[in-house]
Amino acid sequence: QGPRHMPSLFVAAKTPTAVAVYGTLLRGCRNHHLMKECELVGRGTAKGVELYAHLGVRCPAAALSADAEAQVEVYTVPTDKAMAALDELEDYPAWYDRQLLPVQLEPSTSAEGAEGEGSAEGETVDAWLYLMSAEQASRGGEAERIESGSWKAVCGK
């Protein structure tokens, strides 16, 4: 019996790596505690990513869409263990998939930035995003599309 084939996305994930979060992992949201080992690189925009309130304010979802953009926070994930904790939350690869996408970082809002914000200001970085297919994310058209591209606008944070 030959070696077990592993999906290329799984093999490509090397630490330290960057992840872009758009939902409950954002600062001030309920799962942000899982980011405690991670370092904030900055806020940014992931073009071509559409957000949905998949199960109301309990579960955000994202899918690729040419005419959308999502507001994200980009973090450096320092260890395989930290990445595994994120994968477990997102039930990767069974529920969400991961895709490496470019994120345009925002310039910092102050000279110092906040908690690492703006350390790579204005740059484009490649970061992992957890995605679903458009059909899954939209729940067949039943989920609310987040027109603003900001999960915090939906959950009131």
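In which helix does Asp 87 lie? In this predicted model, Asp 87 lies in helix 2. That helix spans residues 80-89, and its buried residues are Ala 82, Met 83, Leu 86 and Asp 87. These four residues cover an arc of only 140 degrees around the axis, and therefore fall on the same side of helix 2. An α-helix has 3.6 residues a turn, so residues three or four places apart point the same way. The face turned away from the buried side carries Asp 80, Lys 81 and Glu 88, which are exposed. On the buried side, packing is against four strands: strand 1 (17-21), strand 3 (60-77), strand 4 (97-105) and strand 5 (124-131). After helix 2 comes Asp 91, which has a positive phi, near 50 degrees.

Asp 87 is an acidic residue on the buried side of the helix. Its relative accessibility is 10%, and it counts as buried because this value is under the 20% cut-off. The side chain of Asp 87 makes a polar contact of 2.5 Å with the side chain of Tyr 130. When residues up to four places away in sequence are not counted, Asp 87 touches Tyr 92, Arg 98 and Tyr 130.

Two aromatic pairs were counted. In one of them, the ring centres of Tyr 92 and Tyr 130 are 6.5 Å apart and the ring planes stand at 75 degrees, so the pair is classed as edge-to-face. This pair links distant parts of the chain, since Tyr 92 belongs to the loop between helix 2 and strand 4 while Tyr 130 belongs to strand 5, 38 residues apart. Tyr 92 and Tyr 130 are both buried. Trp 95 and Tyr 96 also form an edge-to-face pair, with 6.4 Å from centre to centre and 75 degrees between the planes. Within this pair, Trp 95 is partly exposed, at 37% relative accessibility, whereas Tyr 96 is buried, at 4%.

Notes
Residues are numbered from 1 along each chain as its sequence is written. This is a predicted model: local features need pLDDT of at least 70, side-chain atom pairs count only at pLDDT 80 or more; totals for chains, interfaces and linings use all residues. Side-chain values use heavy atoms; hydrogens and water are left out. Buried means under 20% relative accessible area, exposed over 50%, partly exposed in between (1.4 Å probe, protein chains only). Helices (H or I, at least four residues) and strands (E, at least two) are DSSP runs, numbered from the N terminus. The arc is that of the directions from the helix axis to the C-beta atoms. Contact means heavy atoms within 4.5 Å. A polar contact is a pair of N or O atoms within 3.5 Å; within protein, one must be able to donate a hydrogen and the other to accept it, and residues adjacent in sequence count only if both atoms are side-chain atoms. Rings of Phe, Tyr and Trp (its six-membered ring) pair if their centres lie within 6.5 Å; planes under 30 degrees apart count as stacked, over 60 as edge-to-face and the rest as tilted.
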